[in-house]
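Let us walk through a structure together. Keep the sequence and the 3D view side by side as you read.

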Amino acid sequence: VGVGYSEVSRVGEPDPRALTWAAGKAALEDAGLTGADVDGIFEYKFGSESPGFHEAARLLGVPDLAAFADIMGSGPSGLAGPLAAVMAVASGACETALAYRCITRAAGYQGGPVDGPLEIEGPGQFLTPYGFLGGAIVNMALKKTRWMEQYVRPEDDFGRIAINARRWAALNDRAVLKDELTMDDNLSARFIVDPLRLLDCDYPVNGAAATVITTLERARDLRQQPVLVDAMAFATGRGADWVFDNDFLYGGTRECAARL
Amino acid sequence: MFQYPPGVSCVHCQGEQFENSETSGLGEIYSYAIVGRPFHAGFSKAVPYTVALVELEDQAELRLITNIIGLDPEEKPYCGMAVQVDYETRGSITIPQFRPRGRDQ
């Protein structure tokens, strides 16, 4: 029933707390609410630099939280925060929830080699010794290879994703990259990990976005026409894992579509 | 049944009784990617190198993240390429890598 954004920037190192506060405050104002009306907070984060629900609650003057969680990057997606808020409100655990995500360039891999431990334990011992590094980058390159060879498809399939993502971004006043992309741009972009190219990757930015989720009854008294959530679904598929899952190409997305 | 990586329970039958066991060491490339720039200083002399998912012959969907070694200079790997295990010792650990099947070291 309300949305808000911080400034979005490509350069500099803004304080993640300031971004979170700006987005949260704007979302509440958009709905005609204040922090005093909030009793639920759900955050989705990649890195520890993004402020958690405790800090967001303090910054926004929330008196008490009945339902809250910081959902880590292993969670379903950037939508995990809002969807957790929907579940919390629908269950009655809270009445008015703020869902947000704050990301800064510090959360992402910035390029160039980094130093790190020379020995590794845990799940990483089955990945890192082989140079499976840079977060999800190598895995995404493996998925791209498998897609192209299994279905005998050209790399253009992936170029279309970037071209269309940029086209839709250009309609958004807050987008930081709006110049049209061509297939030539995509197919000539340098490799990050062959066959994954620069324009297959997302772009590091600083920014936060927040939305307010509440009951229909409460929404009727607020400033904006509410957007109703009709259905939502998650899925993992069998053998859930980022790398070793049985369903390497789809990772549960077909089950998710069927469930929805 | 095999599983990889090793776990604390059998993901197929929920049993607790399992042990390290040998496989054929034979498989096919399921997918591969070529890392041309180092992400970690320790790999700066290793680039370019090939990271792959290799599916072992022993069991469907039994896959390892590994490296493909022993390719000829202009040779590209491909999905379905037959490979066999080869072990590299690095300090106190030994890691399984794969080379094209039947090719000498």
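Start with two terms. A residue is buried if its relative accessible area is under 20%, exposed if over 50%, and partly exposed in between, using a 1.4 Å probe and protein chains only. Helices (H or I, at least four residues) and strands (E, at least two) are DSSP runs, numbered from the N terminus. This is a predicted model: local features need pLDDT of at least 70, side-chain atom pairs count only at pLDDT 80 or more, and totals for chains, interfaces and linings use all residues. Residues are numbered from 1 along each chain as its sequence is written, chains are lettered from A and ligands numbered from 1 in the order in which they are written, and side-chain values use heavy atoms, with hydrogens and water left out.

Begin in chain A. Find strand β4, residues 96–103. This strand is mostly covered, with 6 of its 8 residues buried. What does β4(A) pair with? Two strands pair if DSSP finds at least two bridges between them. One partner is strand β2 of chain A, residues 40–44. These two strands run parallel and share 5 bridges. Look for F42(A), which stands opposite A99(A) in β4(A). Another partner is strand β7 of chain A, residues 207–214. Here 8 bridges join the strands, and they run antiparallel. L98(A) has V212(A) in β7(A) as its bridge partner.

Now turn to chain B. Its secondary structure comes to 0 helices and 5 strands. Along the sequence the pattern reads β-β-β-β-β. The C-alpha trace of chain B spans about 45 × 30 × 20 Å along its principal axes. Chain B has 105 residues, and 38% of them count as buried. Contact means heavy atoms within 4.5 Å. Take the contacts in chain B with a separation of 6 or more: 46% of them come from residues 24 or more positions apart.

Next, see where the chains meet. For chain A and chain B it is about 3000 Å², with 59% on carbon and sulfur atoms. F126(A), Y130(A) and F244(A) supply 24% of the area that chain A buries against chain B, more than any other three residues.

A salt bridge is a side-chain nitrogen of Lys or Arg within 4 Å of a carboxyl oxygen of Asp or Glu. The count between the two chains is 1. R238(A) and E61(B) form a salt bridge, with their closest N and O atoms 3.1 Å apart. A polar contact is a pair of N or O atoms within 3.5 Å; within protein, one must be able to donate a hydrogen and the other to accept it, and residues adjacent in sequence count only if both atoms are side-chain atoms. Across the interface, 14 residue pairs are in polar contact, both residues at pLDDT 80 or more.

At 30% relative accessibility, E61(B) counts as partly exposed. Its phi is near 65 degrees, a positive value in a residue other than glycine. Most residues other than glycine have a negative phi, and most peptide bonds are trans.

Is T66(B) buried or exposed? T66(B) is buried, at 0% relative accessible area. This residue lies in strand β3 of chain B, residues 63–68. Its side chain reaches the backbone oxygen of P96(B) at 2.8 Å. Leaving out residues up to four places away in sequence, T66(B) touches several residues, including Y130(A), V51(B) and F98(B).

Finish with two cis peptide bonds. One joins D194(A) and P195(A), with omega about 15 degrees. P195(A) is found in the loop between β5 and β6 (196–197) of chain A. Another joins V47(B) and P48(B), with omega about -10 degrees. P48(B) lies in the loop between β1 (26–35) and β2 (49–56) of chain B.

Key. Buried area is the accessible area (1.4 Å probe) that two parts lose on being put together, summed over both.
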